[in-house]
Amino acid sequence: AQLSCLARLLAAKNLTADFGSFPPDLLLFFHPSEVRAGTCREFYARASRGNLDLLPRGSFRRTRLLRGALTCLGVRGSRLEPQQLGSLGALVCALEPGTIPASGPAILESLKLCPALTGAQQDALNALLLTGDTAYGDPSSWDLRTLQDLGPLVLALNQTTLSFVAEAVREDFRRSIAAAYSSQGHSQLEKSLILLRAFAAASATSHPRVERSADGCPSEPITADTILFYTHEEIDLCLSNEYLIENLEAVLEQPIPVQLYQILKKKVDEFFPSGIPEEQLKRLGMLSCLYTEQEISQWLVTSSDTLSALLSTSGGCWNNSQVQQLLSRYLALGGSLTGPLLREIGGERLCNLREEQIQQIPAEAVGTAGQLDISPCSQAKKEQLYRKAREHLAGGPGPYYCQIQPYLGGAPAEDLKELANAGVAINMDLDTFLALNPEELQKLSVIDVKNLLGENLPQLKEAENEPSVVSWVKIQSQRELDCLLGIGLQGGLQEPTGTATPARPTTSASVTSTATVPT
């Protein structure tokens, strides 16, 4: 929201022409009309270096940015030439899946810039690789160097493609992941696990022969450094529970196959038959994801530090029901949610809480949580969260609109009218406008909508077929739509021939001000 507000402020002061001095993240929020045709290639090349995750997939802004870049580069149809792909940079990640086979092998290097590909994009990538008509050749001819040269694209390989790769090559690559992991650090754990899971499904794992003691266990104890060289049966039988608990972090840092986690969980539970102490819960990492809702309901989670540790070290593997149970247990034991905790939880998981649980969240926590995406929430929960955010932010420091914007989907019409007539240009973006409660939107006048959207008013024409916009237009006077908006919206109420309906009265407060939101 702060970047969006800053972009609007720069546009209002005509400072957008010198985009070379702005960070790439900020350029993502510029409107295409602010980009000059003569410098658009340089603009989009710089914008493509920004963090595209700031614009959610499928959002109006992300679609608009890509459309502007494609228009600037003269792209027609699905096929992109190598020079166009190079100019798009990471914006390639937002292209439709059909662009991948249409553009051919040249697109592969560009796709390496993508942090993640959608399922459809991965399918298209695999189909292109299976043709064998790329720089990497037929998958049956790949060696260890080929898999390494694929770089991040190897994360998108499916079982069909991997089945064509020689078993020995797959095993060499699996071992190279394990060998390199210790030097890469914990941040690579999730990607390493994805690769190991895929390669484990495609090939059998080889294990070195070791000397055995009388009980069938290796003569040398299994440690974090050697755990990858033993079968699951050997680890189950021979890994010391005491060693595991003392060295849990070191063991979990290894890129171990997902099936092994169940064995480690069993050993942890055996060591703590009466329940895992709270201090030990913080150390579970991705093991915590294997616990059922029933098991989580017995955890002693009283500290915000424990809750944060469980959520942040789980590698994103929690499902919604697990998170809901964890939060329910924390709240039931007297815990309180804070702004940082809400950011850790995320908007989607927050929406899965029951209404009575949301009611327990302090207003200050919602008001300080920052950019939460509450679009998946029911309307009742959106209204709950909006009231809490408004309670905390009303009269507070900083630009009110930029802080309340994530929660406006729960705002009543009277509050939206107050924003519209505040005498401050808020320039509401179209994504936020379309996320307003449709029932409350119908209560806004033409001048209200004009003042809310401000300089973004012309974009409303692009959304004229959205259901909420269609419904709103139908109950407005066509004369007001034409005279006050002047953007070509059609479908309003027509005046009877020979009569003149006066426009809705406006006050000086409802005239759009040229003031800007403070930043």
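**Helices, cores and salt bridges in a predicted all-chain model**

Asn-427 is found in the loop that runs between helix H27 (413-420) and helix H28 (430-434). In this model, which is predicted, the phi angle of Asn-427 is near 50°, a positive value in a residue other than glycine. Most residues other than glycine have a negative phi. Although it belongs to a loop, Asn-427 counts as buried, with a relative accessibility of 9%.

The protein chain as a whole contains 33 helices and zero strands. Of its 519 residues, 47% are buried, and among the contacts with a separation of 6 or more, 63% are accounted for by residues 24 or more positions apart.

The largest nonpolar core comprises 90 residues, of which Trp-299, Leu-337, Leu-342, Leu-408, Phe-433, Leu-460 and Trp-472 touch the most other members. When residues up to four places away in sequence are not counted, Trp-299 touches Ile-276, Leu-281, Leu-284, Ser-288, Tyr-291, Leu-310, Trp-318, Leu-326, Arg-329 and Leu-333.

Helix H19 (residues 304-312) and helix H20 (residues 320-332) pack with their axes 11 Å apart and at an angle of about 175°. An angle over 145 degrees counts as roughly antiparallel, and H19 is therefore roughly antiparallel to H20. By class, the contact of H19 with H20 has seven nonpolar residues, one polar residue and no charged residues.

Charged side chains were examined separately, and a search of the whole structure finds 16 salt bridges. One of these joins Glu-462 to Arg-67, with the closest N and O atoms 3.5 Å apart. Glu-462 lies in helix H31 (residues 459-462), whereas Arg-67 lies in helix H4 (residues 60-72), so that the pair ties together parts that are 395 residues apart in sequence. Both partners fall in the partly exposed class, Glu-462 at 45% relative accessibility and Arg-67 with a relative accessible area of 42%.

A further salt bridge is formed where the side chains of Glu-295 and Lys-265 meet, at 3.2 Å from N to O. Here Glu-295 lies in helix H18 (residues 293-296) and Lys-265 in helix H16 (residues 258-271), so the pair ties together parts that are 30 residues apart in sequence. Glu-295 is partly exposed, with a relative accessible area of 28%, whereas Lys-265, at 9% relative accessibility, counts as buried. These two residues also belong to a network of salt bridges in which Lys-265, Asp-269 and Glu-295 are linked. In another salt bridge the side chains of Glu-279 and Lys-282 meet at 3.3 Å, N to O; Glu-279 counts as exposed at 53% relative accessibility, while Lys-282 counts as partly exposed at 26%.

Thr-99 lies in helix H6 (residues 99-103) and counts as buried, with a relative accessibility of 6%. Its C-alpha atom is separated by 6.0 Å from that of Arg-79, a residue 20 residues apart from Thr-99 along the chain. Leaving aside residues up to four places away in sequence, Thr-99 touches Ser-78, Leu-80 and Ile-107.

Thr-134, by contrast with the helical position of Thr-99, is found in the loop between helix H8 (119-130) and helix H9 (144-149). Thr-134 is likewise buried, with a relative accessible area of 12%, and, with residues up to four places away in sequence again not counted, it touches Pro-105, Leu-108, Leu-128 and Leu-129.

Terms used. Residues are numbered from 1 along each chain as its sequence is written. This is a predicted model: local features need pLDDT of at least 70, side-chain atom pairs count only at pLDDT 80 or more; totals for chains, interfaces and linings use all residues. Side-chain values use heavy atoms; hydrogens and water are left out. A nonpolar core is a set of buried Ala, Val, Leu, Ile, Met, Phe, Trp, Tyr and Cys residues joined through side-chain atoms within 4.5 Å. Buried means under 20% relative accessible area, exposed over 50%, partly exposed in between (1.4 Å probe, protein chains only). Contact means heavy atoms within 4.5 Å. A salt bridge is a side-chain nitrogen of Lys or Arg within 4 Å of a carboxyl oxygen of Asp or Glu. Helices (H or I, at least four residues) and strands (E, at least two) are DSSP runs, numbered from the N terminus. Axes are lines fitted to C-alpha atoms, for helices over the stretch in contact, and angles run from 0 to 180 degrees between N-to-C directions. Angles under 35 degrees count as roughly parallel, over 145 as roughly antiparallel, 65 to 115 as roughly perpendicular and the rest as oblique. Ala, Val, Leu, Ile, Met, Phe, Trp, Tyr, Cys and Pro count as nonpolar, Asp, Glu, Lys and Arg as charged, and the others, Gly among them, as polar.
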